Amino acid sequence: MSAVAEALPAKPRTALRERLASPKVLVLTCVALFLVLVASVVVAIGLGAALVTPAETARYLWVALSGGSIAADEITTYQIIWQIRTPRVLLAALVGAGLSAVGVAIQAMVRNALADPFVLGVSSGASVGAVGVTVTGGLAALGVYAVSAGAFIGALVASFLVYAASSSRGALSPLRLVLTGVAMSLGFQALMSVIIYFAPDSEATGMVLYWTMGSFGAASWGALPVVAAVVLLGLAVLHRYGRALDVLALGDETAASLGVSADRHRRSLLVVVSLITGVMVAVSGAISFVGLVMPHLVRMVVGAGHARVLAVAPLVGAVFMVWVDLLSRTVVAPRELPLGVITALVGVPVFITLMRRKGHVFGGR
Amino acid sequence: MDLRIDGLGVTIDGRSLVHDLSLDVADGEVVGLVGPNGSGKSTALRCVYRALRPAAGAVRVGGDDITRLPMRRSAQLLAAMTQDGAVDLDFTVEEVVALGRAPHQRGNQALTGRERELCAAAMERLNLTHLARRGILTLSGGERQRVLLARALVQEPRVLVLDEPTNHLDIRHQVEILSHLRGAGPTVLVVLHDLNLAAAACDRLGVLHQGRLVASGTPKDVLTEALVADVFGVRATVVPHPLTGDPQLLYALHS
């Protein structure tokens, strides 16, 4: 019985994977996913304490973009739509896309199925930076962006330390990179505990939850252009690394024989990946799970080729994150659930089910 | 194109693994590198396919010192079938073979018509066509080695190096893999464990012992009872193969 049940679903998926190998089908799939993303964004912007239909939402968005006019009694709704929800939903889409793509790149680059964007200590570094700024009141000149800036700096410092500590004799071995990242993360968490311990009355305790579970509550138009620029540019760069990632996934020796210097590529990728992750963490905290699981989910459907995975994964991740954020702000409104809670509660069962049906995810083990 | 290893030396953590190794492989020749475990065979080979930078000496392909060439350029001239064949991601056979074209392509460029034909021909030749859409992780050891060889051939190398290509294979697959070496077109340098297979498959042999080349020449010249006793510490009787005349070693566990 169970053998039949397992054998059946495998067939259509293999067929889809084969069809996706053709560039035309891949482009069509991406266009379809993009349309789903646009629809999700419009629907999500309309939903919340003040309900707005998708058609109305689209009208407001059009007014905002084209500079049209609205009736006087619509101003409150318009402001909720345009000033609060739109930047928030767009940020969710960007971060979802970024985390998925970075997850794909990092898993190939360190050759580890358990790697995610935060495996190199970026998130705990960011937390230390953010909490440090909050407690000390540093970077005050940056105003409302001080905490984000602190988080970004913390993330980059963490990446750099991990990089410096793991390279030896000019080589950067994948396993060393992961182990150093894990060790450094624990160190940063301890550092953060120390800061909070000595500043118990500050708002730092609340910030820890925010930074370790993630939220788009602080989204505004102000920070969005920077995030958009870094994430979209990062996606383009990572996509260009598609074949190089394929080769890296075959191992360093093979990579050398195929004309790819694994060390050099890992180094440049580390810079790209740290910048994207640092920016994302600075504006949304460390949203777990997406960067770990989305790559696996997408690979199960489209196969392992990175050019394909890196085209599809950001779109799927963006759609997923838009809906996760919607749940986070509507389920227990007016309070908000941390994003990490929802990504795990929704993602884990889906992931386990798919993994059991497919039989293997990564490494065939 | 010929391959010349010229006074090659490798030192790692103060330990000299390969010392002053010089070995020439003429255009179209199949040369085997044999020696006991830890004699430096794989280390020397890693310098040839540029996974390792030699501390001394040079590896020349067609006269050019490969460390002076861009990685892509040397990979266009020289392909390797390495030991770290284990892949973690579930690429299809087709995809892995196509990656052999990576040194000839830029970015994510799609395969040209000629390149697709090349891949199809290599898979045909190694009897992989029926496995083209299969995941690499579902293959047996022998099938996987054939995929790696197909990938190396698709690279259209002038020189092919192989690091123990028969490892973990049963005897049928060992013979099969080695039968593809001769007449594969390019110049071949292969590290082998099995001396009898090496004698059958190679035009010439080089014997490494403690990082030094202690003998080189035709299998008949090199594989003597004295050398085998000296280098491998094993007593063997050398007899000519009844059909081919290649020297073959017989080992007696008790004498």
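## Buried, exposed and in between

Partly exposed means a relative accessible area between the two cut-offs: under 20% is buried, and over 50% is exposed. This model is predicted. R4(B) has a relative accessible area of 34%, so R4(B) is partly exposed.

## Salt bridges overall

Side chains of opposite charge can pair when their charged atoms come close. Across all chains, a search of the whole structure finds 20 salt bridges. Three of them are described below, by chain.

## Chain B

R4(B) pairs with D6(B) in a salt bridge. Their closest N and O atoms are 3.7 Å apart. D6(B) is partly exposed, at 28% relative accessibility.

R172(B) and E176(B) form another salt bridge, with the closest N and O atoms 3.7 Å apart. Both residues sit in helix α6 (residues 171-179) of chain B. Because they are four residues apart there, about one helical turn separates E176(B) and R172(B). R172(B) is exposed, at 57% relative accessibility. E176(B) has a relative accessible area of 22%, so E176(B) counts as partly exposed.

## A network in chain A

Salt bridges with shared partners link R88(A), D325(A), R329(A) and E336(A) in one network. One of these salt bridges joins D325(A) to R329(A), at 3.5 Å from N to O. These two residues lie four apart in helix α14 (residues 306-330) of chain A, so about one helical turn separates them.

Are D325(A) and R329(A) buried or exposed? D325(A) is buried, at 1% relative accessibility. R329(A) is also buried, with a relative accessible area of 12%.

Terms used
Residues are numbered from 1 along each chain as its sequence is written. Chains are lettered from A and ligands numbered from 1 in the order in which they are written. This is a predicted model: local features need pLDDT of at least 70, side-chain atom pairs count only at pLDDT 80 or more; totals for chains, interfaces and linings use all residues. Side-chain values use heavy atoms; hydrogens and water are left out. A salt bridge is a side-chain nitrogen of Lys or Arg within 4 Å of a carboxyl oxygen of Asp or Glu. Buried means under 20% relative accessible area, exposed over 50%, partly exposed in between (1.4 Å probe, protein chains only).
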